[in-house]
Amino acid sequence: MTKGEAKILVLGDIVGNAGTSAVEKRLWNLRRENGIDMVIANGENAAEGNGLNRETAERLLDAGVDVITSGNHIWKKSTVHSLLEKNENIIRPANYPGECPGSGYCIFDMNSYKVLVMNLLGTVFMESLDSPFVTADKILSREEGNFDFAIVDFHAEATSEKIALGRYLDGRITALFGTHTHVQTADEQVFGGGTGYITDVGMCGPHDSVLGVKSDIIIRKFLMKMPVHHEEAEGDVSLCGCIFTVSTDSYRTVKTERVRWD
Ligand SMILES: [Fe+2]
Ligand SMILES: [Fe+2]
């Protein structure tokens, strides 16, 4: 950790065994080479065939991921319920009904600094859940005084909803990054209030594909309009994410850097 600063790496949706294996092979080196203090990764598609299960989650945690966030695909494997209940560093979107298993945020200890990691799901072109705006407000006020940094993974489809939430929380959180579209956007920045932002960090998976799935399967789906069985694509995996350099004095972002490791 450089004096006065820390680096938080966030990784976009890890897709299948290929994405998980690439994280296993490369993350500890990337952490060392880039002086990373903490890693947050979206694991909603990490298990084979989608979702998250115990084996895959353990692989990611062993590989150097500190907190696993998720999204709309988190419920695909039923065993994820006990995983969410038992491991506080694996979270699901906070705006699902309170009766759902697990928590929508956690507070991680990063070299003695408390990092609140929150996961929210968009409501435009997605599930009609509680407002992510109101949910974020409630969590930030409930946990006031209990954290130093706050990082939000906003798993959403609409760019407008993502930018609006980022700007709404500007000055109150350290950074907000988008996930879900699997396509990295080139709008990384630091807002006026010191909140780091990127609309979508992209995916960690095989990019010779349609969002990680074999291209011919998805093309057939669009041509035939019939349900298809998704199969993970093959080929080289790129890891896409973002590094937020944050101040340990102001707890705001100093620099937002988009990364893609091929
Ligand atoms: Fe995804
Ligand atoms: Fe998603």
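Predicted model: local features only at pLDDT ≥ 70, side-chain atom pairs only at ≥ 80, totals over all residues.
- Six strands, in the order β5-β6-β7-β8-β10-β9, form an open sheet with mixed pairing.
- β5 and β9 each have a single partner strand and stand at the edges, so one side of each has no neighbour in the sheet.

- Strands β5 (residues 105-110) and β6 (residues 113-121) run antiparallel and are joined by 6 bridges.
- Tyr105 has Met118 in β6 as its bridge partner, while Phe108 stands opposite Val115 in β6.
- The hairpin leaves 2 residues between the strands, and Asn111 in the turn has a positive phi of about 45°.

**The helices**
- Helix α4 (residues 132-142) lies across β5, β6 and β7, and runs at about 160° to β6.
- Helix α5 (residues 159-169) lies across β7, β8 and β10, and its angle to β8 is about 170°.

**A closer look at Gly193**
- You will find Gly193 in the loop between β9 (189-190) and β10 (196-198).
- Gly193 counts as partly exposed because it has 13 C-beta neighbours inside 10 Å.
- Leaving aside residues up to four places away in sequence, Gly193 touches Asp170 and Gly171.
- From Gly193 to Thr245 there are 52 residues in sequence and 15 Å in space, C-alpha to C-alpha.

Notes. Residues numbered from 1 in each chain as written. Chains lettered and ligands numbered in written order. Helix = DSSP H or I, 4+ residues; strand = E, 2+ residues; numbered from the N terminus. Buried ≥ 20, exposed ≤ 12 C-beta atoms within 10 Å, placed from the backbone. Contact = placed C-beta atoms within 7 Å. Pairing = 2+ DSSP bridges. Axes fitted to C-alpha atoms, helices over the stretch in contact; angles between N-to-C directions.
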